[in-house]
Amino acid sequence: QLMAAASQEEFLGMVKSYNARRGFGFIACEQAVVKFGRDVYISKAEAMVVCNPELSAAAKAPRVPGEKQRPTLAEEDLVSFRLRLSADGHPQAESIRCIRKFCGSV
């Protein structure tokens, strides 16, 4: 089943890796692994338009001298997103939103 357009289904995951210099990364998402057998790719274009970037750990990192644009994602950020399949059938994230992590006891 190929999804040319983004799915309407929302997925939850955690940024597994993100390389701000190269501009791409991967989201660990159990739903995606069950469905597609792999982690979800984050393109540079999608990473630059993350909703709620102030909730990302990247927003708290010190600015690097000469940095043109601040990264909007960091490893271990909790995110919600929609999926689109690449031409090869690999899952790619779209409409990424950072989600606030809660700390403490319940």
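Me: Which residues of the largest nonpolar core touch the most other members?

Reply: A nonpolar core is a set of buried Ala, Val, Leu, Ile, Met, Phe, Trp, Tyr and Cys residues joined through side-chain atoms within 4.5 Å. Buried means under 20% relative accessible area, exposed means over 50%, and partly exposed lies in between (1.4 Å probe, protein chains only). The largest core here has 19 residues, of which Ile-27, Val-40, Leu-73, Val-79, Phe-81 and Ile-96 touch the most other members. At least two residues of this core come from each of S1, H1, S3, S4 and S5, and S4 gives the most, with four residues.

Me: On what basis are such values and labels given?

Reply: The model is predicted: local features need pLDDT of at least 70 and side-chain atom pairs count only at pLDDT 80 or more, while totals for chains, interfaces and linings use all residues. Residues are numbered from 1 along each chain as its sequence is written, and side-chain values use heavy atoms, with hydrogens and water left out.

Me: How do S1 and S2 pair, and over how many bridges?

Reply: Two strands pair if DSSP finds at least two bridges between them. S1 and S2 are antiparallel and pair over five bridges; Tyr-18, for example, has Gly-25 in S2 as its bridge partner. Four residues lie between the strands of this hairpin, where Gly-23 takes a positive phi near 85°. S2 also pairs with S3 in the antiparallel sense, over three bridges, and Val-40 in S3 is the bridge partner of Ile-27.

Me: Which side chains of strand S2 point to the buried face?

Reply: Side chains alternate along strand S2 (residues 24-28).

Me: How many salt bridges does a search of the whole structure find?

Reply: Side chains of opposite charge can pair when their charged atoms come close. A salt bridge is counted when a side-chain nitrogen of Lys or Arg is within 4 Å of a carboxyl oxygen of Asp or Glu. The whole structure has five. One of them joins the side chains of Glu-9 and Lys-35 at 3.5 Å, N to O. This pair links distant parts of the chain, 26 residues apart: Glu-9 is in the segment before strand S1 (11-19), and Lys-35 is in helix H1 (residues 30-36). Glu-9 is partly exposed at 37%, and Lys-35 is partly exposed at 43%.

Me: Where in the chain do Lys-16 and Asp-39 lie?

Reply: Lys-16 forms a salt bridge with Asp-39, their closest N and O atoms being 2.7 Å apart. Lys-16 is in strand S1, while Asp-39 is in the loop between H1 and strand S3 (40-42), 23 residues apart.

Me: Is Glu-94 buried or exposed?

Reply: Glu-94 counts as buried because its relative accessibility is 15%. The place of Glu-94 is in strand S5 (residues 91-98). Arg-84 forms a salt bridge with Glu-94, with the closest N and O atoms 2.3 Å apart. The pair links strand S4 (residues 78-85), which holds Arg-84, to strand S5, across ten residues. Arg-84, at 27%, counts as partly exposed.
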